[in-house]
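User: I would like to learn how to read the packing of helices in a structure. Please start with the general idea and then go to the case.

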Amino acid sequence: MSSLPSARILARSLGALLASALATTSHAQEPARLHGLRPDSLEIRDVMVVRGDGAPPFGPTSVFVRDGKLVAALDGTPATVIDGTGLWLLPGLVATHAHLQEASAGIPMPMEYQGALWLACGVTTIRDLGSTIARSLRVRARGDKGEFPCPRILLYHQLGAVHSKEEAVARVRAIASAGGDGIKFWSNVNYPPEVLRAALQEAANNRLRTTAHIGVGESNAIHYADGGIDCIEHWYGIPDAALRGVQDFPARFSYSNEVDRFREAGKLWRQTDPEKLEAVLQHLVEREVAWSPTLAVYEASRDLVRAQNQPWFREWLHPALEAFFSPSLDSHGSYFIGWSSTDETAWRENYRIWMGALRRFAELGGTVATGEDAGYIYLLYGFGLLREMELHLEAGFHPLEVVRHASYHGAKVLGREQDFGRVLPGLDADLILVNGNPLENLKRLYPTGCDEYRDGKSAPTGGIRWTIRGGRIWHGPTLATQVKDLVRQAREKTSGGR
Ligand SMILES: [Zn+2]
């Protein structure tokens with residue numbers, strides 16, 4: 001083989017160099033100027049709009065922002081104009097189940113990593129369902145000032161283990177005075193119905209919203225609904241209320257062993273009585289309990305190889321998460337020790353029944369929202385919410401309904417639908433601008449983009465070009481670079497320390 005390149009190859013690479021130089025100059029000004037800025041007024045021109053409440057798309061049209069809020073029109077010239085040609089504008093996405101994490105597997109992770117990932121994936125609001133109260137309040141204050149790329153954060157603190165009505169009431173009051181927006185009912189104990197009722201009543205007295213990851217035991221979804229819970233996370237407690245007796249645990253089962261726990265959870269939905277399940281779903285809808293199913297976080301249970309080999313791990317996965325995700329009984333959700341084809345098959349059936357129940361719940365009038373629970377079980381922040389949207393599509397929802405789950409319904413679950421979650425004048429300007437129509441292909445939302453057939457050949461497309469939170473503009477490709485740089489630096493540090 002000759003080591004000298006031919007004249008034709010040289011000409012071709014020169015052409016490519018020139019083309020890439022031109023491409024860089026034409027895009028360089030825009031992001032450098034706008035990334036992280038919050039102009040007084042903004043016009044997004046010639047853009048297609050999906051409002052977020054299920055209404056059909058409209059446009060091309062202009063969308064206006066003044067002082068961080070959507071307005072019907074601007075008087076005078078806008079301070080900033082974004083050309084929306086070829087872009088689709090949607091409300092910013094709401095992750096109703098998230099965790100702020102400053103470290104994983106004992107390895108620190110900067111908040112900038114999580115924040116930039118969420119915004120790059122179009123997530124403008126997260127509900128933190130358990131972290132350190134004081135630290136999270138500080139993170140939120142920095143994020144609100146725009147000191148680093150960060151979604152809006154709502155803080156729900158965990159109720160934890162309480163064993164009496166008095167203990168429950170005291171804990172709720174402590175959470176209220178610490179400055180939380182709500183309470184997540186979760187602990188390794190299952191709250192007895194009278195303790196649960198007292199805690200929910202005290203939460204209502206303190207105007208705290210509530211959600212629950214229901215533990216297996218005496219109280220199930222019906223008890224929570226009757227006590228006034230606002231939302232149910234995952235699915236625990238719902239099939240439990242529709243069993244003919246108790247769950248069919250094998251004699252050697254231990255709830256403390258996560259392999260046992262997740263293996264048997266994969267057989268739960270098939271044990272439900274269809275008539276009882278229908279009655280449970282109806283009851284939840286009557287009591288106005290919402291459901292954030294977090295379908296994405298259990299997906300490894302039905303397809304482990306897929307979960308372990310997501311292509312974005314190559315450049316976007318922080319070494320702290322990589323370490324945490326490796327199978328171990330010490331890391332919550334890393335239960336894949338001896339996980340078998342039989343387990344995956346059971347989980348596939350589990351998903352079919354679960355998704356059917358979710359559809360039925362929505363048909364009855366129930367509010368379905370999207371959460372992710374990323375940082376656990378091979379799920380990356382932001383990417384988890386986009387995968388969740390794809391799984392809502394798989395459950396049988398129309399793409400417009402999927403967007404509604406991820407925007408308007410998310411805001412409703414948080415009790416904030418008058419503040420954000422739709423593209424409507426008067427609401428906060430939480431918006432995403434997507435390269436192409438995501439209703440046609442949700443994969444266009446992924447910051448890694450996707451390949452599509454165009455003009456006779458495969459071409460890269462998609463991705464979120466701009467994420468706007470409360471009028472502050474973030475450039476998608478710049479966020480992507482920030483994340484990848486943080487990952488590269490962390491990997492160098494980790495391998496250097498060995
Ligand atoms: Zn969680």
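Analyst: Begin with the words for angles: under 35 degrees counts as roughly parallel, over 145 as roughly antiparallel, 65 to 115 as roughly perpendicular, and the rest as oblique. The structure shown is a predicted model, in which local features need pLDDT of at least 70, side-chain atom pairs count only at pLDDT 80 or more, and totals for chains, interfaces and linings use all residues. Residues are numbered from 1 along each chain as its sequence is written.

User: How are α4 and α5 placed relative to each other, roughly parallel or roughly antiparallel?

Analyst: Two packed helices are described by the angle between their axes and the distance between the axes. The axes are lines fitted to C-alpha atoms, for helices over the stretch in contact, and the angles run from 0 to 180 degrees between N-to-C directions. Helices here are DSSP runs of H or I with at least four residues, strands are runs of E with at least two, and both are numbered from the N terminus. In this model, helix α4 (residues 165-178) and helix α5 (residues 193-205) have axes that come within 8 Å and cross at roughly 25°. The two helices are therefore roughly parallel to each other.

User: Which hand does the crossing of α4 and α5 have, left or right?

Analyst: A crossing is left-handed if the near helix is turned anticlockwise from the far one by less than a right angle, and right-handed if clockwise. α4 passes α5 in a right-handed crossing.

User: Which residues of α4 and α5 meet?

Analyst: Two residues are in contact if their C-beta atoms, placed from the backbone, lie within 7 Å. From α4 come K165, A168, V169, V172 and R173, and they meet E194, V195, A198, A199, E202 and A203 of α5. Sorted by class, this contact has seven nonpolar, no polar and four charged residues. For the classes, Ala, Val, Leu, Ile, Met, Phe, Trp, Tyr, Cys and Pro count as nonpolar, Asp, Glu, Lys and Arg as charged, and the others, Gly among them, as polar.

User: At what angle do α8 and α12 pack?

Analyst: Helix α8 (residues 274-286) packs on helix α12 (residues 341-363) at about 45°, and their axes are 9 Å apart. That angle makes α8 oblique to α12. Their crossing is right-handed. On the α8 side, L277, L281, L284 and V285 meet A357, R360 and F361 of α12. This contact divides into six nonpolar, no polar and one charged residue.

User: And at what angle do α13 and α14 cross?

Analyst: For helix α13 (residues 383-394) and helix α14 (residues 399-406), the axes come within 9 Å and cross at roughly 140°. That makes α13 oblique to α14. α13 passes α14 in a right-handed crossing. L385, M389, H392 and L393 of α13 make the contact with P399, V402, H405 and A406 of α14. Its residues divide into six nonpolar, two polar and no charged.

User: How many helices and strands does the protein chain have, and how compact is it?

Analyst: The protein chain has 16 helices and 19 strands. Its radius of gyration is 24 Å, close to the 23 Å that the globule rule gives for 498 residues, so the chain is as compact as a globular protein of that length. The radius is taken over C-alpha atoms, and the rule is 2.2 Å times the number of residues to the power 0.38. Along the principal axes, the C-alpha atoms fill a box of roughly 75 × 65 × 45 Å. Among contacts with a separation of 6 or more, 75% join residues 24 or more positions apart.

User: What share of the residues is buried?

Analyst: A residue is buried if 20 or more other C-beta atoms, placed from the backbone, lie within 10 Å of its own, exposed if 12 or fewer, and partly exposed in between. Buried residues make up 47% of the 498 residues.

User: Where is R207, and is it buried or exposed?

Analyst: R207 lies in the loop between α5 and β12 (209-212). R207 is exposed, with 10 other C-beta atoms within 10 Å. Its phi is near 55°, a positive value in a residue other than glycine. D455 also has a positive phi, about 50°, although it is not a glycine. D455 is in the loop between β16 (450-454) and β17 (457-461), and it is exposed, with 5 other C-beta atoms within 10 Å.

User: Which peptide bond is cis?

Analyst: The peptide bond from G59 to P60 is cis, with omega near 0°. P60 is in strand β2 (residues 58-66).
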